[in-house]
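Reader: I have a structure to look at and would like to learn how to read some of its features. Could we go through them one at a time?

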Amino acid sequence: MPRGCPAAPGSARLCGVSRSAGWARSRARYPLGAGERAGAGFFGLRTSRANKTRGRAVAPSRPHSYCWGGWGGRGAEQPRRPAQMEPSSGSRDARPAVTPVAAVLPAGGSGERLGGATPKQFCAVQGRPLVSYTVRAMERISWISNIIVVVSPEKIEIMKSIIEKYDHRRVMIVKGGVTRHRSIFNGLKVFAENEFSNHLLQKPEVVIIHDAVRPFVEEDILSKVVMAAKEHGAAGAIRPLVSTVIASAADGCLDHSLERARYRASEMPQAFLFDLIYEAYQQCTDYDLDYGTECLHLALKYCKTNAKLVEGTTDLWKVTYKRDLYAAESIIKDNLSQQLCVITDVKEAVAQVGFLLHESLKSQIKVEAISIALSKNDSHLQNIFSGQCYNFVCVTDKKYAIQETQQLVDMLEKSNIPLLYPVVLILVHLDISENISFSIGMEELTRIKKFAREVKKQNILVYGLLIQYKDHLLLQETVNSAAALIMALIKDRNPELIGQLLVA
């Protein structure tokens, strides 16, 4: 993709960036790659924010588990994010009448099909590891009491740092096995075997098994498979086959094909009565544990339980290849660019530009316009910061607005939004001087760039936008050009352009 900034309608220009430069897609980063260490032996436990981690050393011959982030009802204290900002959670009323329900997330894969040194579950999507999105989708559901994340021994420390950084709760880390089934079995053992964890959890009536690399699971489908499992013993999500399945003969030619309408693709999530799936795993042969992949098949083979198949939704897809990471990033960007808050002070000219921006943008995005003094710490603005918006436009006619912008950043930090997603903050300077040349010089550009670099460490992306307010007749056209640039910045969320000054 060519580098640089797209030309906006009207007279949009770019100051401080080459005219031939263009947008550059931000690549998925691979954080936390350093500092890994082997999983043999007990890992020291630390305090994660207000939650004290708990755990005990166990016999070296057994796999270890690590409690992290608190238990019980603590997770319910966390303010719920709106559905469009998190992987969608469906209806809040569709909760199963089962207590308790636990979730086991196998996350020990090596990601060979993805390519690269970092397993896909730890690849960054919008600056945040993929596994964190899946954990968040589970912990937002109050009726899931415990979340077990099973990772390979060498990734224990990475997973612990993710849980601490993103303040995940009700989560326990368990050392995985050499295969998928062995990892899931390890995850189930924390509810049944004191020798395994020395921190025995309350055994759930139903356990959900869900891949850590399926981040967009909704509460509705989780509730459906749990209720079906309670009735039938086992349940799993399915989807129609996209391609016809064929079998080849020994000579490499077509032997036969399956009638596609009769078959379905098995997806996740799956749910089981805990005692049933645990018994199935206890009876498994080494061949099953080493070469099997389908949990529903184990329930049928060893417990004679025919699983109830539940029609799943299109968002249950699994991140497998590198292109899937880009698709996940695109979905998250789209979700994050659904809402915008335009903040102005009460001056007439500034408020007018804010109103015109609202009118120009409202057909493309949900917009809320607020006219306040940031120094007053408005409670309504605080409510918006509490998780309903990740895009902010601050309009001012002051030449040096960095101090007020810092107040805005401080409010954002208190809301905990930057920790979860990259926040876009666009500083719009309204130039009402008679001077035809730019009223913002190199000194101000330097200040903006320095400020942008500093707050980027806090996951806030700051851009500058100059609107020259010369002709009332052309103001609407100029604001339309500014609106086009604002939408481009919000949708692309390009960290390479932070601190640049766009001119409309």
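Reader: Is Phe185 buried or exposed?

Author: Keep in mind that this is a predicted model. A residue counts as buried when its relative accessible area is under 20%, and Phe185, with a relative accessible area of 12%, is therefore buried.

Reader: With which residue does Phe185 form an aromatic pair, and how are the two rings arranged?

Author: Phe185 pairs with Tyr278 at 5.9 Å centre to centre, with 55 degrees between the planes, and the pair is tilted. Phe185 belongs to helix H3 and Tyr278 to helix H6, 93 residues apart, so that the pair links distant parts of the chain. Tyr278 counts as buried because its relative accessibility is 9%. Phe185 and Tyr278 also belong to one aromatic cluster, together with Phe191, Phe274 and Tyr281, and the charged end of Lys189 sits over the ring of Phe185, 4.4 Å from its centre.

Reader: How many aromatic pairs does the structure hold?

Author: The structure holds 8 aromatic pairs. One of them joins Tyr133 and Tyr421, whose ring centres are 6.1 Å apart and whose planes stand at 50 degrees, so this pair is tilted. Tyr133 lies in helix H1, while Tyr421 lies in the loop between helix H13 and strand E19, 288 residues apart in the chain. Both Tyr133 and Tyr421 are buried, and Arg128 lies over the face of Tyr421, at 5.1 Å from the ring centre.

Reader: Turning to strands, which residues of E18 lie on one side and which on the other?

Author: The general idea is that in a regular strand the side chains alternate between the two faces of the sheet. In E18, Asn391, Val393 and Val395 lie on one side and Phe392, Cys394 and Thr396 on the other, and all of these are buried, which leaves both faces covered. Since 6 of the 6 residues of E18 (residues 391-396) are buried, this strand is largely enclosed by the rest of the structure.

Conventions
Residues numbered from 1 in each chain as written. Predicted model: local features only at pLDDT ≥ 70, side-chain atom pairs only at ≥ 80, totals over all residues. Heavy atoms only, no water. Buried < 20%, exposed > 50% of the residue type's maximum accessible area, 1.4 Å probe, protein only. Helix = DSSP H or I, 4+ residues; strand = E, 2+ residues; numbered from the N terminus. Phe/Tyr/Trp six-rings, centres within 6.5 Å; stacked < 30°, edge-to-face > 60°. Lys NZ or Arg CZ within 6 Å of the ring centre and 35° of its normal.
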